Every structure is written in structure tokens, then in C-alpha cells.
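Okay, thanks everyone for coming. I'd like to walk you through one model today, so let me put it up on the screen.

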Amino acid sequence: MDRRVEPLKHWWTGGPQSIWARGAQFLLMLAVWSVGFDLAGDRMSIERWMIAVTAAAAGALVLHRRGRPSQSMPTRTDDVTVVAAAANSSAIAAGLLSIGVDDLFSTMTISIAVLVAGWLAIFVGLLLLRGLIRELFCRSHGQRVAVIGVGEDAHEVTGLLLDHPESNLQFIGVIGDLTTAERSGLAELWLGSIDQLGELLEDHRVDVAMVTTTGFRSAQFRRILGVLRLSGVEPMLSTGVARLDAASLRVSSVVHEPLVSIDWSQSSGTYAWTKRTIDVLGASLGLILASPIMAVAAILIKLDDRGPVLYRSPRIGADNVGFGMLKFRSMRVNAHEQQNQLAQRNERSGPLFKMTNDPRTTRVGRVLRETSIDELPQLVNVLKGDMSLVGPRPALPEEASAFDEDLRARFSLKPGVTGLWQVEARSNPNFTAYRRLDLHYVANHSPRIDLQILVATVVQVLVAAILLPIRPFLRRRPGGEVIESSASVIDLRERLRHRQPEG
């Protein structure tokens, strides 16, 4: 297929940037404003329809622009910011355009109520819609990605792609000098040399190229970008910097040359107090709102096998202090004693243990786990001060004993009922992904990130509840044509990890 035509397939085959998905999001916003304007007045005039269409188009434009640089869905936490920006633009457009329509709103109070309700409906509706699109379609429609560069930076970028198949980016291989690729442990992923770049991009139908900014002379780097432009392949430049939130990076122009600066500003000294206040209020409100669900869950667990309702799991908290984490029991009473017998069926790497179809899980437990209802008793741990609403995943003692020195930094914070790893890569089998996301949160935790994670968690739970009836029929792919299964991802990643760049 011609490279000029190839990008168009993403508009038809599915995913968040396809025509039908864009249309669904536009129609959702249009429906919100149409209903809001209809309720606010006596009739739906031509002027009101035009305002509704324009307001929906403003939100759709933001979704389109924030969907760049690739056609992939943003991460779940970043998606909260993207959708909020779209809702803001749509509501602002509706408010400004309605000023000139005399009969649209009878009073200022109604005007404000419609705009606020419209913003909220769009924010919640888009998050749910995009969450469903992500779960149902995105795993088989990711962008095809090649890494240009074969040195140490390429080793890190390649590891990032292999560790996170949930990113919806299909890793193809690396392009660069073969000798350097062998020295960097990337030989089996090598596609060809830079001299063959145009042909390789065409042959492997590459959509996005992740280019390392080291290892190339200035003239060679410009030639690479020139070939990418002619081929219609979108470049993403690696910064070579890890564990920094993208919001802390700034692109500045120095004599018309782009340079990346880092904002070192830290969270205010009131963050710890603010976080604890939010924890107490949020956990209290959560327990009140969830009490009917928790009561039903307790009854079902008891009726299922007459065993205890709650399970106290030993975990390691802040400052490496142990505590008992409360959960609704989702496994048989003697489940922990049987884990050694199931060790060969473990689907996780490193010290983690997880099985998709764990035979120890009870009938009720499967539903509790799919909907995360089994986690609700942890709100009591939050009130007690053992945990926070948002934080690193609570580690088991045997897991904590296997952590390296870097990962022990996670014990500087309280573990969370939810967290960055739980939201972005809960089903990811790679321990390296767990490690990366937990350390990223430790290095960048802030009220903004906490709010993003909390909203993304609620959306994820609601989407899981909606899809619960059809979950057994959904077939998931971890995300690539080159990497076909979770087992092969782990195997290839482990080989790559043990082949660190020489020198």
C-alpha cells in the first residue's frame, strides 16, 4: 500500500481516531447540548442547533489536536486531561455563542446550570465512551513503531515498548548500525541500516518512528528527519530522560533552535496535609456511598462458601512498616497454602504472582475482582492511616524482600488503594512495567496526578462493570504483530535486560 494512503487505514479500522469513533464522540457532545438547550427553552430553533453543532465541533477539534502525535489513545491518566480540555472548549463555545441568542436561556441561573451540567455530562460521557473504545477496539489497531538508533538510548526505548504492550503501539524493530546493535544487545530486533531507511519504512509499514537523539551526527540526524518527512512517518524524539512527568518538560526556542528545559519546581509544603485531608474525606464519603454494595458483597461471599467475608493480607507500607490490608475475600479459605503448587502457572515476571484464571478464585470472587469491589474495604485502611487513596501498589513481604535499592524508594510514600500502575498496566505481566510506573509516581506525585489517577480509576471501574456481561467473550491481544503473546514479551524483555549495552 502507498505510504500516502497507509495512514488513512487508521481512520477506518478502529481506535479512538477512526472516523466512527470521532463521529461517536462528536454525536455525544451534540446530544448533550441539544438536550440541554431543549430543556432550557420552549423549542429547538435553527440558532440553537447551530450553537450545539459548533460547540460539539469545538470539543471534537480539541480531541483531534490532543490525539497527536500518533493516532494512539493517550494513557488513561492523560486522557482525563484531554477530555477535560475538550469539555472546557465545548462549554466555552456554547456559552459565548449563546450570548447573541435572546431566547436561549430565560435567566442567568438557567444559563449557568445548563453550561455546568453540559460540561459534566460531556466530561463523564467522553471518558466512559473512550474507555469502552480502548477496551473493545484499541488493542488490535495500534500504530506500528520502529526505533531509529541502536545505542544505549535505543536499548531503553525498546525496553519501554516491550514492557508496555498496553500502550497500543506495535513495536516492529530497530534501525541502525548492525555492529552497534550487536554491542547493545539489539541484534535480534535489527531491521536494517540507516542507508536503507526509506525502504525499511515502506516494507514494514511504519507509522511512527522513535528516534534517539544520541549516536547520530548532526547532518545524519537531519537526513533521517528528511526521509521520515518524505515517507509520511511521524517522528518522536527520545529525550533520554527517565522518570520525569511530561508536564515538567518545556520546549524553548533559542535562536530558532528547539531546546528542552526541565521545570524543577517541587510540590508545595502543604501537599502532605492536603493529601491526608483528601484521604480522610474521600474514604469517608466512599464508605458511605459504597455501603449498600459492600453489604450485598458481604452477603454473597458468606452464602457462597460460608467462609469469612474479609481477608487481611500482610503488606509493607510507608517506612517499610508492615500492616494488614483488608479485602473482601475472593479466593478459597486455604488459597495462600496452594500458591506454591501453582508457581509454574504464574503469568507475571519478577516477584509478582498472578493468574488470569486462578482456580482458587470463588464464583463471587471473580465478579468482585472484575469490578474491583474486593478493594473497597481498603478505605478503612485509609482512615486508619496505613494507606492513601493514591500511591504505589501495596507490596507483599516476599515481594518487598526482592526489591532492588531503587524500588525501595516507593516505601517513602504510603501505598494506595489505587495508583499509576493499577490504572495504566494492571494486566501487564512485566515486573519492569510495575517498577517503572511506581518509581515514576514516587518521583512526580502531586495533587494533579493524584486527581487524574482517581478519575481514571472510577472510569476504569465503571467500564469494567459495563463490560462484565460480555467479558468472557472478549479476546485481548497484548498489542503487536511482532510480539504475539505475554509470554514472548516477558521472554524477549528478559533477554534484552540481561544484554545491557557494552561499555
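**Starting at the hairpin**

So, strands E6 (residues 249-254) and E7 pair antiparallel, with six bridges between them. Quick note on terms: helices (H or I, at least four residues) and strands (E, at least two) are DSSP runs, numbered from the N terminus, and two strands pair if DSSP finds at least two bridges between them. Before I go on, this is a predicted model, where local features need pLDDT of at least 70 and side-chain atom pairs count only at pLDDT 80 or more, while totals for chains, interfaces and linings use all residues. Residues are numbered from 1 along each chain as its sequence is written, and side-chain values use heavy atoms, with hydrogens and water left out.

Back to the hairpin. Leu 249 has Ile 262 in E7 as its bridge partner. Two residues sit between the strands, and Val 255 takes a positive phi near 50°. How many of the six residues of E7 (residues 257-262) are buried? Zero, so E7 lies largely in the open. Buried here is under 20% relative accessible area, exposed is over 50%, and partly exposed is in between (1.4 Å probe, protein chains only).

Of its 503 residues, 48% are buried. The accessible surface is about 25300 Å², and 61% of that belongs to carbon and sulfur atoms; areas come from the Shrake-Rupley method with a 1.4 Å probe, and for residues, only the protein chains shown count as cover.

Now the open sheet. Five strands line up as E3-E2-E1-E4-E5, with parallel pairing. Strand E3 (190-192) and strand E5 (234-238) are at the edges with a single partner strand each, so one side of each has no neighbour in the sheet. From one strand to the next, the twist averages 35°. Inside the sheet, E1 (residues 143-148) and E4 (residues 208-212) are joined by four bridges, and Ala 146 has Ala 209 in E4 as its bridge partner.

On to helix packing. Axes are lines fitted to C-alpha atoms, for helices over the stretch in contact, and angles run from 0 to 180 degrees between N-to-C directions. Under 35 degrees is roughly parallel, over 145 roughly antiparallel, 65 to 115 roughly perpendicular, and the rest oblique. Contact means heavy atoms within 4.5 Å.

Take H9 (residues 271-305) and H10 (residues 363-370): their axes come within 9 Å and cross at roughly 150°. That makes the two helices roughly antiparallel. Ala 297, Leu 300, Ile 301 and Asp 304 of H9 meet Arg 363, Val 364 and Leu 368 of H10. By class, that's five nonpolar, no polar and two charged residues. Ala, Val, Leu, Ile, Met, Phe, Trp, Tyr, Cys and Pro count as nonpolar, Asp, Glu, Lys and Arg as charged, and the others, Gly among them, as polar.

Also in H9 is Leu 287. Not counting residues up to four places away in sequence, Leu 287 touches Met 294, Leu 376, Leu 379, Val 380 and Leu 383.

Last pair: H5 (residues 152-163) packs with H14 (residues 431-444) at about 110°, axes 9 Å apart. H5 and H14 are therefore roughly perpendicular. Gly 159, Leu 160 and Asp 163 of H5 make the contact with Thr 432, Ala 433 and Arg 436 of H14. That contact has two nonpolar, two polar and two charged residues.
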